[in-house]
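Subject: A structure for you to look at

Hi there,

Here is the structure I promised to pass on to you. Please open it next to this message, and then read on for what turned up in it.

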Amino acid sequence: INTEYMGILLCLIMKLLTSQRLEEVNEILSERLHGVIGRMESFSCKAAGTDKRTEAKLDQELQHEVAKSPLSPSLAPAGTSPFGPLSVAVNRKTLIYLIETMNIMFSDYDFSSLREHNFAHLPLADVSQTIDRVLSALSPDYFASIHPFLYGVLAREILPEDCEVFSYIPDDEVAPVFTESLDGFNFFFFNRKLKRLLFFFVSVPPVAAVDMADLVSVYGLDGIIGLEAEHNLDDDAEHGVHDMEL
C-alpha cells in the first residue's frame, strides 16, 4: 500500500471535537505542569457521505495488503493481536482510527505505516495506575488537587468504563517525541457505542521533573495551581454524570 496515499485518506475520516473541559485540561498540561508535553483530544469516528467512501477505500487497501502478505503479523492469531486479526472489518477500522489519530496529533510525523503490532491493548485499571504514577511523580500535592477534575473530564467526555483502551508502542525511528522523555504515556480510549475516540498523551522530558519541583519550592503550591472554582465538577449530578474510579 502507498503510505503517502493512505495518509491523505486518513486525514479525511476523523473529526476533531471541541470542548471547554478539554481546553481546561490542556491548559493544565501545557501551562501549569511546567515543561510537560501533553494533550487530551476527542475525535468523532462517525463517517458520512464522502467520508464513508474514503473509509471504505482505505479499508479495501488494507485488506489488499493483508491478502498479499501471508507472513505479515496482520495474520497472527487473534490472541497475539490487540485488535484481533485484520481479516475482521471492525478490527481494521479500529486500527485505522488509531493511525489517523496519531497523524493528526503529531502532524510532523507520518504514522501511516503502523500496523496492529505497533499497539497494545490495556486493562482500564492499568491505564489509571499509569496516569496516576506519571502525573503524581511531578508533584504529588498538585496532582491530588487536579485528580477529581481530570478523571471527571474523562468520565464526561468518553465514558472510559465503556471503552477499549490502546497504547502506541514507541518507535524511535517513527517519532522520537515518544522515546526522548523521562516518562510518559499515550492512551486511546475508544468508545464504540459513542463512535468516539479520546487520546490522552503526556511526555515528561528529564528537565520537567526538576523544574516542577523548583517552581513549587519557590512559589508554593497555591501559586502554581491557581485552579479556578469552575474547574470543580460539583454540577455533575445535575447533568447526570458521576465521578468515576478508573
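Arginine 39 forms a salt bridge with glutamate 41, and their closest N and O atoms are 2.3 Å apart. A salt bridge here is a side-chain nitrogen of Lys or Arg within 4 Å of a carboxyl oxygen of Asp or Glu. Glutamate 41 counts as buried, at 10% relative accessibility.

Before going further, please keep in mind that this is a predicted model, where local features need pLDDT of at least 70 and side-chain atom pairs count only at pLDDT 80 or more, while totals for chains, interfaces and linings use all residues. Residues are numbered from 1 along each chain as its sequence is written, and side-chain values use heavy atoms, with hydrogens and water left out.

Now for the overall picture. The protein chain has eight helices and six strands, in the order α-β-α-β-α-α-β-α-α-β-β-β-α-α from the N terminus on. Helices (H or I, at least four residues) and strands (E, at least two) are DSSP runs, numbered from the N terminus. Of the 246 residues in the protein chain, 48% are buried. Contact means heavy atoms within 4.5 Å; among contacts between residues at least 6 apart in sequence, 74% join residues at least 24 apart.

Back to the salt bridges: how many does the structure hold? There are five salt bridges. One of them joins the side chains of arginine 21 and glutamate 157, at 3.1 Å from N to O. Arginine 21 sits in helix H2 (residues 20-32) and glutamate 157 in helix H6 (residues 140-158), so this pair ties together parts that are 136 residues apart in sequence. Arginine 21 is partly exposed at 26% relative accessibility, whereas glutamate 157 is buried at 5%.

Another salt bridge brings together the side chains of arginine 192 and glutamate 164 (2.6 Å, N to O). This pair links distant parts of the chain, 28 residues apart: arginine 192 is in the loop between strand E5 (183-191) and strand E6 (196-204), and glutamate 164 is in strand E4 (residues 164-168). Arginine 192 is partly exposed at 37%, and glutamate 164 is partly exposed at 23%.

Next, the aromatic rings. Rings of Phe, Tyr and Trp (its six-membered ring) pair if their centres lie within 6.5 Å; planes under 30 degrees apart count as stacked, over 60 as edge-to-face and the rest as tilted. The count comes to 14 aromatic pairs. Among them is the edge-to-face pair of phenylalanine 106 and phenylalanine 201, with 5.0 Å centre to centre and 80° between the planes. Phenylalanine 106 lies in the loop between helix H4 (89-105) and strand E3 (119-122) and phenylalanine 201 in strand E6, so the pair ties together parts 95 residues apart in sequence. Both of these phenylalanines are buried. They also belong to one aromatic cluster, whose members include Phe83, Tyr109, Phe166 and Phe199.

Finally, a look at the backbone. Most residues other than glycine have a negative phi. Leucine 159, in the loop between H6 and E4, has a positive phi of about 50°. Lysine 195, in the loop between E5 and E6, has a positive phi of about 55°.

Enjoy exploring!

Technical notes. Buried < 20%, exposed > 50% of the residue type's maximum accessible area, 1.4 Å probe, protein only.
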